[in-house]
Amino acid sequence: MRRRTRLVLALGLAALAGWPAASAVSAADHGQMGETFPIIETDLLATIETRLRTLEANGGIERLQNQMREQAVASVRRPKPVEGLTPATARREWLYDPSMVLEDDIVDAKGQLIAPRGTRVNPLDHVSLGQDLVFVDGTDAAQIDWAVRTYSAARAKVIFVAGSPFDAMKPYQRRFWFDQGGQLTARFGIRHTPAVVTGAAVSSGVKALKVSEVPLAPKGRAS
C-alpha cells in the first residue's frame, strides 16, 4: 500500500478512535492517546464472493439471469431501429457499384495466385442478386402491406429497419429480416423507405445494383 494511502487511512481510523487529527501528522511523541487498529486491506475477490453468496441466498442471481434473458430475447424480437430513416416522399433512383479493390493477394489452396493485390473485383461478375431487397419500416403497416402485396417471398426479401420482424411473421405468414445496425441501408445510401435494391442494371458496361426509394400513395400504393 502506498505511503499516502496508509496516511489517509490512519487519519480516518484516528478520527474514529477519538484522536486529534494533528496528532497523526505531528513529529512530537505524545504517547498513546487511544486504542489503535491495524490497517487491513480487504481481499477484492473475497468481497465479490461474499456478495455473490448473498445474492444467491436471496434469489438475486436468478433474478439477474432472468432479466438478462428477457433483455436478450427482447433485443432479438425487436432490434434497435435504424436511425435517420424517414418515409419516402419523392421517388429517387441511383446505381450502386459493389466493386472492391483487393487489399491482399488472393491465392488458392496450393498457394497459386488467383488475383493480385490492387485488382478491382465486381462480385456481380460472378454471382447475381438472387432476390430483390425491399427495405420497409416495420412499424408502418402501409409499408409492410405494400411490400408483401408487390413482392412475393420467392422474388424478394423484405427487410425491416424498425419494428419486430418476428411479430409480423404470423399475421403475414411470411418470413422477414432486419437490417441490424443499419449496415445495408448505409452501404446502399438509403435514407427513406420503402426502398428496393435490384440487380438488373448496367452502367458503362459495369454490372451494378439499382436502388430505388418509393413513395407510397395514401392507401399504400406506389406513386
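User: Is Asp 132 buried or exposed?
Analyst: Asp 132 is buried, at a relative accessible area of 13%. Buried means under 20% relative accessible area, exposed over 50%, and partly exposed in between (1.4 Å probe, protein chains only). This is a predicted model, where local features need pLDDT of at least 70 and side-chain atom pairs count only at pLDDT 80 or more, while totals for chains, interfaces and linings use all residues. Residues are numbered from 1 along each chain as its sequence is written, and side-chain values use heavy atoms, with hydrogens and water left out.

User: Where is the place of Asp 132?
Analyst: Asp 132 is in strand S7, residues 132-137. Helices (H or I, at least four residues) and strands (E, at least two) are DSSP runs, numbered from the N terminus.

User: Which residue meets Asp 132 in a salt bridge?
Analyst: Arg 155, at 3.7 Å from N to O. A salt bridge is a side-chain nitrogen of Lys or Arg within 4 Å of a carboxyl oxygen of Asp or Glu.

User: Where in the chain is Arg 155?
Analyst: Arg 155 is in the loop between H4 and strand S8 (156-162), and the pair is 23 residues apart. Arg 155 counts as partly exposed, at 43% relative accessibility.

User: What else is Asp 132 in contact with?
Analyst: Leaving aside neighbours within four places in sequence, its contacts include Tyr 151, Val 196 and Thr 198. Contact means heavy atoms within 4.5 Å.

User: How many salt bridges does the structure hold?
Analyst: The structure holds 6. One of them joins the side chains of Glu 93 and Lys 210, at 3.8 Å from N to O. Glu 93 sits in strand S2 (residues 92-96) and Lys 210 in strand S12 (residues 206-213), 117 residues apart. Glu 93 is partly exposed at 41%, and Lys 210 is partly exposed at 31%.

User: New topic. Which residues of helix H4 are buried?
Analyst: In helix H4 (residues 141-150), the buried residues are Gln 143, Ile 144, Trp 146 and Ala 147. Seen down the axis of H4, they fall within an arc of 165°, so they line one face of the helix. The arc is that of the directions from the helix axis to the C-beta atoms.

User: Why would residues three or four places apart point the same way?
Analyst: An α-helix has 3.6 residues a turn, so residues at that spacing point the same way.
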